[in-house]
Amino acid sequence: MAWYRTGAIAVTNGSATVTGTGTAFNNNVQPGHAINLPDGRVYEVLEVVSNTVITLGSNYLGSTASGQTYSIQPNQGFAQSAFSKLSDLLAQFANYVTTALAGKFGDGTVGAPGVSFAAEQATGLYRKAPGELGIAVGGAEVGSMTNALVRILRPQTVVRAVTDFSDSIFILNSATSSGAWARIGFQAGTKYGYAAMSDGGDMLLANTFAGAVVISTNNAEALRIASGGAVSIASATTASAANLFQSSSGTAILRSTSSRRYKHRIEDIEPQYADKVLEFRSRWYQSNAEADNPEHGFWGFVAEEVAEIDPRLVHFAYLDSDYDQVEVEPARDAVFDDVAVEIAPATLTSPARYQIQRVQVAPARPPRYERRLKEGAEKVPDGVQYERVCVLLLDVVKREKTARLSLETRFAQLEARVAEMEAGNA
């Protein structure tokens with residue numbers, strides 16, 4: 001290797017510092033090299049401080065001078081240094097063979113995942129905790145996994161924009177515009193529904209089109225909610241009395257009970273209340289209900305008439321006109337954004353090339369409505385509790401039976417007395 005002589009130097013008697021002008025010591029001088037200085041002596045290079053400063057292994061013995069020529073002679077120090085660095089590299093590589101390069105990686109962090117990509121080093125996998133794998137995208141955690149749980153954090157935008165309707169896919173999207181809901185959606189063709197959870201604790205299962213919501217177990221339908229709101233339950237039948245009741249407001253399906261454990265202050269019915277059923281007007285009518293044949297005739301009572309006599313025998317409910325359809329989530333157009341898309345990867349001689357493309361990041365969404373009761377609305381008679389009418393009628397019948405038996409006894413006694421009188425007169 002040629003000796004290095006570029007530039008000029010300045011030396012000071014009694015000092016170990018050599019200052020260069022126009023020199024490049026960093027790339028051409030190593031500790032251990034020999035330097036020939038103006039006093040004719042050879043000194044050892046102890047340290048390369050910068051491109052223009054080196055430190056000698058001993059103080060300069062000659063006269064102070066500047067603008068001097070010099071020469072630096074490579075020797076075995078360079079080979080020794082190279083050998084030392086090569087040994088360090090081999091030791092490090094041997095460690096890689098049994099760790100990282102053997103399919104093992106460092107833990108990493110959410111901002112610098114242990115497993116990442118050359119073009120996007122803030123996206124990948126990292127060891128979040130013992131036994132827990134974290135998933136990072138753009139330096140932010142989006143989920144984690146353990147051997148018992150897969151957790152997906154609520155994203156702020158749609159994870160997968162819907163642009164291809166050829167397959168059934170799922171959408172995991174953000175909360176609504178008000179930030180109140182987080183939901184998982186299911187899409188088939190152009191139709192979709194979703195399950196959602198509000199920050200208030202409500203759970204919502206919705207079908208945005210005219211289809212029903214069906215819940216099944218063991219491949220058999222158990223519950224169906226039709227698009228019009230009708231609820232049907234698939235269950236075994238029984239000859240026992242009815243034990244299922246739907247509230248007149250349509251908001252709940254309840255199990256009817258009669259056990260003593262559901263009651264308190266149990267008393268006999270007072271006759272004046274039971275006799276009220278005799279004031280009911282039996283009616284013939286034709287039904288306006290959608291499920292009934294409008295040409296058929298029925299027998300029954302009118303709820304408003306019964307309520308005037310005994311309101312405890314009537315179901316009360318709000319009218320459909322007492323409710324408003326309130327928009328709780330406005331419609332939203334599809335959301336697009338400009339995204340940098342890589343069109344040519346990076347090489348040793350040139351960086352990666354990108355092109356800005358318009359990409360859909362959220363699908364269009366129709367408005368969502370809720371049925372809410374108007375302020376000041378009052379319930380009106382809606383249905384007659386026919387099964388409770390029977391209870392009162394039974395009390396009336398029992399009293400009538402007791403009265404009849406009493407009359408029959410008295411009649412028999414009168415007949416006996418008349419017979420005695422007739423026999424005496426004879």
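Modeller: The account below takes up the aromatic pairs and then the sheet. The model is predicted. A search of the whole structure finds seven aromatic pairs. One of them joins tyrosine 43 and tyrosine 60, whose ring centres are 5.9 Å apart with planes at 45 degrees; because an angle over 60 would be needed for edge-to-face and one under 30 for stacked, this pair is tilted. The pair links distant parts of the chain, 17 residues apart: tyrosine 43 belongs to strand E4 (residues 42-48), while tyrosine 60 lies in the loop between strand E5 (53-56) and strand E6 (65-68).

Tyrosine 318 and tyrosine 323 form an edge-to-face pair, because their planes stand at 85 degrees, with the ring centres 6.3 Å apart. Tyrosine 318 has 25% relative accessibility and therefore counts as partly exposed, whereas tyrosine 323, at 17%, is buried. Ring pairs also link Tyr4, Phe25 and Tyr70 into a cluster. A charge meets a ring at tyrosine 273: the charged end of arginine 312 sits over that ring, 5.2 Å from its centre.

Strands E4, E5 and E6 belong to an open sheet of seven strands, ordered E6-E1-E2-E5-E4-E3-E7 with antiparallel pairing. E6 and strand E7 (71-73) are the edge strands, each pairing on one side only. From one strand to the next, the twist averages 35 degrees. Within this sheet, E5 runs antiparallel to strand E2 (residues 17-21), and three bridges join the two. Threonine 19 stands opposite valine 53 in E5.

Definitions and conventions: Residues are numbered from 1 along each chain as its sequence is written. This is a predicted model: local features need pLDDT of at least 70, side-chain atom pairs count only at pLDDT 80 or more; totals for chains, interfaces and linings use all residues. Side-chain values use heavy atoms; hydrogens and water are left out. Rings of Phe, Tyr and Trp (its six-membered ring) pair if their centres lie within 6.5 Å; planes under 30 degrees apart count as stacked, over 60 as edge-to-face and the rest as tilted. Helices (H or I, at least four residues) and strands (E, at least two) are DSSP runs, numbered from the N terminus. Buried means under 20% relative accessible area, exposed over 50%, partly exposed in between (1.4 Å probe, protein chains only). A charge sits over a ring if NZ of Lys or CZ of Arg is within 6 Å of the ring centre and within 35 degrees of the ring normal. Two strands pair if DSSP finds at least two bridges between them. Axes are lines fitted to C-alpha atoms, for helices over the stretch in contact, and angles run from 0 to 180 degrees between N-to-C directions.
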